[in-house]
Amino acid sequence: MPTWTPWLCWAWPSPPLSCSAAVPTCCSWRSSGCSTHPWSTWDRPGWESQLLETGFLAIFLCPLWTLSRLPRWTPTSRIVLWGFRWLIFRIMLGAGLIKIRGDRCWWDLTCMDYHYETQPVPNPAAYFLHQSPWWVHRFETLSNHFLELVVPFFIFLGRRMCALHGALQLLFQAILILSGNLSFLNWLTMVPSFACFDDATLGFLFPSGPGGLKARVLQLQEDSVHGAQPPPKRSCVVRRVVHLALGLLLAWLSVPVVVNLLSPSQVMNTSFHPLRIVNTYGAFGSITRERTEVVLQGTASPNASAPDAEWQEYEFKCKPGGLWRRPCLLSPYHHRLDWLMWFAAFQGACSCLSTPSPQTYEQNEWILHLAGKLLANDAEAASLLALNPFAGRPPPRWLRGEHFRYKFSRLAGRHASDGKWWIRKRIGPYFPPVGLQDLRDYFRERGWPLPQPDSGAWAAEK
Ligand SMILES: *[C@@H]1O[C@H](CO)[C@@H](O)[C@H](O)[C@H]1NC(C)=O
């Protein structure tokens, strides 16, 4: 039986999905172009374009005007369904190809030895999964290749294989959700996978019985098989023309994406057109072998190099910091600052290997912006953290960034029995101790206003 029914609209008994999807999609396009915050210049994770693309297709999924759960004259367009299938195909194949092109560990199957520990924001399950025997990690890597390089082609092998593809992708994404905090990326990737299921596969979700939705769908399908369909109305012709135009647009915008997929110098998470309707995706093209963290520390001591200066650590909401803190559970949410800190830490680590520190913060100027705000005990900046050791006290005189290598403690080992989830070793300074006055010129050159410390707190200290 052909896919006739508006499968996703069924789940929304009232206002058509199209209206509700059109608004946020248009809003996100607008906002993605006009953000001016210093952090936002490169804080564009791939899931943002993926959200745009998924939302854009959703605009056309359901009829615009009818509230009916089974709009007889406006069946779901095959073009839109294939748009979703094409999306999930590109997401998965792109992710698979970038891996085998990007990193040797995907060839020798050792990537999963590192992934759980070095992923952006590990969760508690990652701690335990990391401790699995080596052959489990080999199997995981191999399964990943199968799911990303072989399974996507199932989409084109008929309805049964397409449904199998959908089921395998849902399972895969569920495992990824359980094993890490990758924001809403995995939840979002589930959405286009649903386009692989047809009426027969999804039928179990709906009650059967005479006069029910299922019976009416069956009747419609029989009518269409026997050619008992009245000629289409004029508005339906307009709708078909719109869908055809959509199909042509998607095909045209897909050309550079396909060229990129086939290219040996494939790039990931890129848009080739300002509308960002058809993009290229990919994740974990290369795997960092070691986890490094930047730890921000402040001191009230007037002399930062005095040996008795007591440095206290700021704690982020979710990223590893304190060794006794359990990894957090956060998906489908994410804390942007924690992700930025992850990027900052391993970019620093790369330059640590080639050139001596402390030049490492220079690719991440925003981190000094944050330091400046913390030196003023800025309430907004502090609200992005889990613990500000100077809360309710005068702000620190000095702030520094220290660079550490982090590892999970060994399960049932000495550190684990002390209650430590992490062990760490200092690499060196990430940025040297800075005071608010030292940052004056740095801030002025970049056009940032110098944060003003709460004068009451200063006076209290003097
Ligand atoms: C700060 O402490 C260091 C180390 O004890 C010392 O060499 C330096 O003179 C001190 N600076 C000031 C301004 O007291």
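Strand 3 (residues 291-299) and strand 4 pair in the antiparallel sense, with two bridges between them. I took pairing as at least two DSSP bridges between strands; strands are DSSP E runs of at least two residues and helices are H or I runs of at least four, numbered from the N terminus. Gln297 has Glu313 of strand 4 as its bridge partner.

Caveat for myself: this is a predicted model, so local features need pLDDT of at least 70 and side-chain atom pairs 80 or more, while totals for chains, interfaces and linings use all residues. Numbering runs from 1 along each chain as its sequence is written.

Next I traced the whole sheet: it is open, has four strands in the order 4-3-7-8, and pairs antiparallel. Strand 4 (312-313) and strand 8 (422-434) are the edges; each has a single partner strand, so one side of each lacks a neighbour in the sheet.

Last, the ligand. Around it I found Asn303, Ser305, Ala306 and Pro307, where near means a C-beta atom, placed from the backbone, within 6 Å.
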